Amino acid sequence: MHVLESETDTMTKLRTKTCQEWDGNPVFFERNRVFRVYKGGKLFHTFLGDADEDGNLPEEWVASSVEALNKEKRVEREGISKVKGQSVYFDELLNRYPQEMLGHGESMGILVKYLDSAIRLPAQVHPDKAFSRQYFHSSYGKTESWIILDTREDACVYVGFRNRYTEEELKLAIEKSENDRNVLQEMMTKIPVKRGDVFLIPAGMIHAIGGGCLILEIQEPTDLTIQPEAWCGDYYLDEYERYLGLEQKDALKCFDFNLWGKTAVEAGRKVAQTFAEDEDRKSELLIGKEDTECFSIFRHQVKRTMILRDAPGIYVVTKGEGWLENGRFSRSLTQGDYFFLPYVLKEKSRIVTNKGIEIIECLPPYAETAEQIYEGGNFNE
């Protein structure tokens, strides 16, 4: 049987080395609601215990080291998470303890969000890495994935062009969107959604999140969005908000016009694959390395206990309750909680539950995953 490590020489040295902001344990964070121009957030009431209302803070950025690209800054370093009970930001922690936190990784490599949409978001597209390097001087694009956590009535998403269109037809629709707020919506394929649905939105694919979706979004670590539509609900988008400072002719190069119809839907919709199941837990691969090189995502239904073998990673509780423990640390977990597991704590912590708990595991592209190592094996040995 695998025995959890407790007081090792390595961890003793870490506790001596660390200063106030990190005690050598899994990292928890202060709440981190982020301003967006669209309305939402009401579903956070039942999921996170927030106010039962929609507003302009419809996103919670989870264990984030990425700053939001809002036109006006609402708070200092908006989007970057603060360590629970401390004044230090997560990116600062990663910079101070790179090997302990990330192992051989050079950055966190992913961004995770809760997102609740009261209205349809603008039709949009995200750049791939090559486009980002050329126009935004960033090594990351913005391939993203969605896990549906809850819905309102008539919840849906829009994935890919509905038919084959040309760039000229898209430009004409953008012009028409000044007065016709549905013209771009009608160019996309609408898909009704329910809890548990999973989607992958590759860079270049036109898409929009419809009204009524509470989503866990996992993506490359940028806030780069081209959204050429004129309106977001009753909010008029200016040129910067649409094109991020680019000329339209350059910004529209982001769109992949080959992603349309059945091809786009099949590329976007994903089916969970069970790769391990026993009396302690059921583990599913949601997004793997065969789907994208940008991240990996797993869903674990823990019935009793499960050792956390993958790190660095961000772990999100989407249902149930339990606790996180290692040889010297224990903390209760409930729906909506999330934490970062540093590289040095790989295989040193576990989830325990008496009533059942659902965990989403979000890993950066450089992480070696338990699905690769233990293919069908017992995670608790």
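Gln227 counts as buried, because its relative accessibility is 14% and the cut-off for burial is under 20%. The model is predicted, and the values here are computed from it. Gln227 sits in the loop between β9 and β10 (231-232). Its side chain reaches the backbone oxygen of Glu241 at 3.1 Å. Leaving aside residues up to four places away in sequence, Gln227 touches Pro122, Ala123, Gln124, Leu237, Glu241 and Arg242.

**Helix α6**

Helix α6 covers residues 167-176, and its buried residues are Leu170, Ala173 and Ile174. These residues span an arc of only 105 degrees around the axis, so they lie on the same side of α6. The exposed residues Glu168 and Glu175 are carried on the face turned away from that buried side. Among the elements covering the buried residues of α6 are α7 (239-243) and α8 (248-251).

**The open sheet**

An open sheet is formed by seven strands, in the order β1-β2-β3-β9-β4-β7-β12, with antiparallel pairing. Its edge strands are β1 (33-34) and β12 (269-270), each of which pairs on one side only. Within this order, β9 is placed between β3 and β4. Strand β9 (residues 213-219) pairs with strand β4 (residues 144-151) in the antiparallel sense, over seven bridges. In this pairing, Glu144 stands opposite Gln219 in β9. The loop that holds Gln227 lies between β9 and β10.

**Strands β13 to β15**

Strand β14 (residues 281-287) has six of its seven residues buried, so the rest of the structure largely encloses this strand. Strand β14 pairs with strand β13 (residues 273-277) and is also joined by bridges to strand β15 (residues 296-302). Both pairings are antiparallel. A hairpin of three residues connects β13 to β14.

| Strand pair | Sense | Bridges |
|---|---|---|
| β4 (residues 144-151) and β9 (residues 213-219) | antiparallel | seven bridges |
| β13 (residues 273-277) and β14 | antiparallel | four bridges |
| β14 and β15 (residues 296-302) | antiparallel | six bridges |

How values were computed
Residues are numbered from 1 along each chain as its sequence is written. This is a predicted model: local features need pLDDT of at least 70, side-chain atom pairs count only at pLDDT 80 or more; totals for chains, interfaces and linings use all residues. Side-chain values use heavy atoms; hydrogens and water are left out. Two strands pair if DSSP finds at least two bridges between them. Helices (H or I, at least four residues) and strands (E, at least two) are DSSP runs, numbered from the N terminus. Buried means under 20% relative accessible area, exposed over 50%, partly exposed in between (1.4 Å probe, protein chains only). The arc is that of the directions from the helix axis to the C-beta atoms. Contact means heavy atoms within 4.5 Å. A polar contact is a pair of N or O atoms within 3.5 Å; within protein, one must be able to donate a hydrogen and the other to accept it, and residues adjacent in sequence count only if both atoms are side-chain atoms.
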